[in-house]
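Below is a short briefing on one protein chain, written to be read beside its sequence and structure. Please keep both in view while going through the points.

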Amino acid sequence: EEGRFEDILFYQDEEIESIHEGGIPHDNNRQAGVWKSKTAKITKRVITRFAANNDPFLLTGEEGTGKKVISRQIHSLGESASGMYLEFDLREYRPDEIPDQLFGKEEGTLPFFQMGQTGILEQACGGTVVFLHAEEMNKDLQRRLLNAMKSGVYFRQDSDKQIALQCRLVFVCISDIEALKTSECFLPELWEHLNDQHFHVP
């Protein structure tokens, strides 16, 4: 059936390495990818468009539609390709654990009081952080990430030291856009920030 994601043959890892700066090679023996259906062509255009900048983006769609594959392709073809690609599944952490994991925390001033921790956003400097099941993200975390995306800086837990946000943020949701809007799980300001770079994977 045309439009099924299974019809799309994505770039293999070794083929990604042969993609030159400025686009995908057209006529050579290592042409990266075979794109068949209408859906595949649309997806290819989206990957190319999103890979051309380093702005955050949102992918929505049902389970098994290939959102993580698309996200990795965008990373591999974009400015952050040389950096780390980290997936952060919000279902795997308690809400109170997530800020420490993402933003890190300063080392305590007293001996043995508190070990410092480098957050995922800092670990992924120059790369991409993908939030899986972003519909589970609480409003406080959304506000902190939105402020970081707008200002370009964030703060470690319990610290006033600014750290530059130097990774691309990706939001992946299993719901469609209308369901997400109805549930009001995203802040309106976050919707607005991601609106220009949203793709619903059929």
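Leu-194 is buried, because its relative accessible area is 1% (buried means under 20% relative accessible area, exposed over 50%, and partly exposed in between, with a 1.4 Å probe and protein chains only). Leu-194 lies in helix 8 (helices, H or I with at least four residues, and strands, E with at least two, are DSSP runs numbered from the N terminus). Along the sequence Leu-194 and Phe-57 are 137 residues apart, yet in space they are 5.7 Å apart, C-alpha to C-alpha.

This is a predicted model, in which local features need pLDDT of at least 70 and side-chain atom pairs count only at pLDDT 80 or more, while totals for chains, interfaces and linings use all residues. Residues are numbered from 1 along each chain as its sequence is written, and side-chain values use heavy atoms, with hydrogens and water left out.

**The nonpolar core**

- In soluble globular proteins, nonpolar side chains tend to be buried together.
- The largest nonpolar core here has 33 residues (such a core is a set of buried Ala, Val, Leu, Ile, Met, Phe, Trp, Tyr and Cys residues joined through side-chain atoms within 4.5 Å).
- Leu-121, Phe-131, Leu-145, Leu-169 and Phe-171 are the residues with the most contacts inside this core.
- At least two core residues come from each of strand 2, helix 4 (98-103), helix 5 (120-123), strand 3, helix 6 (139-151), strand 6 (168-173) and helix 8 (188-194).
- Helix 6 supplies the largest share of the core, five residues.

**Aromatic rings**

- How many aromatic pairs does a search of the whole structure find? The search finds six (rings of Phe, Tyr and Trp, the last by its six-membered ring, pair if their centres lie within 6.5 Å; planes under 30 degrees apart count as stacked, over 60 as edge-to-face and the rest as tilted).
- One of them joins Phe-88 and Tyr-93, which are stacked at 4.6 Å centre to centre with 0° between the planes.
- Phe-88 counts as buried because its relative accessibility is 2%, whereas Tyr-93, at 26%, counts as partly exposed.
- Phe-88 also forms an edge-to-face pair with Phe-131, at 6.2 Å centre to centre and 75° between the planes.
- This second pair links distant parts of the chain, since Phe-88 is in strand 2 (residues 85-89) and Phe-131 is in strand 3 (residues 128-132), 43 residues apart.
- Phe-131 has 0% relative accessibility, so it counts as buried.
- Through ring pairs, Phe-88, Tyr-93, Phe-131 and Phe-171 are linked into a cluster.
- Arg-144 lies over the face of Phe-103, 3.8 Å from the ring centre (a charge sits over a ring if NZ of Lys or CZ of Arg is within 6 Å of the ring centre and within 35 degrees of the ring normal).

**The second largest pocket**

- Rolling a probe the size of a water molecule over the atoms shows where empty space is left.
- A pocket is found on a 1 Å grid over the protein atoms alone, as an open set of points where a 1.4 Å probe fits, with protein on both sides within 12 Å along at least five of seven lines; lining residues have an atom within 4 Å of a point.
- The second largest pocket holds about 180 Å³ of space (grid points are joined across faces, edges and corners, and the volume is the space filled by probe spheres set on the points).
- Its lining has 13 residues, and Glu-63, Lys-67, Lys-68, Leu-132 and Val-172 lie nearest the centre.
- Helix 3 (residues 67-77) gives the most to this lining, with three residues.
- Sorted by class, the lining has four nonpolar, four polar and five charged residues (Ala, Val, Leu, Ile, Met, Phe, Trp, Tyr, Cys and Pro count as nonpolar, Asp, Glu, Lys and Arg as charged, and the others, Gly among them, as polar).

**Positive phi angles**

- His-133 is not a glycine, but it has a positive phi of about 55°.
- His-133 lies in the loop between strand 3 and helix 6, and it counts as buried at 9% relative accessibility.
- Asp-158, another residue other than glycine, has a positive phi near 55°.
- Asp-158 lies in the loop between strand 4 (153-155) and strand 5 (162-164), and it is exposed, with a relative accessible area of 81%.
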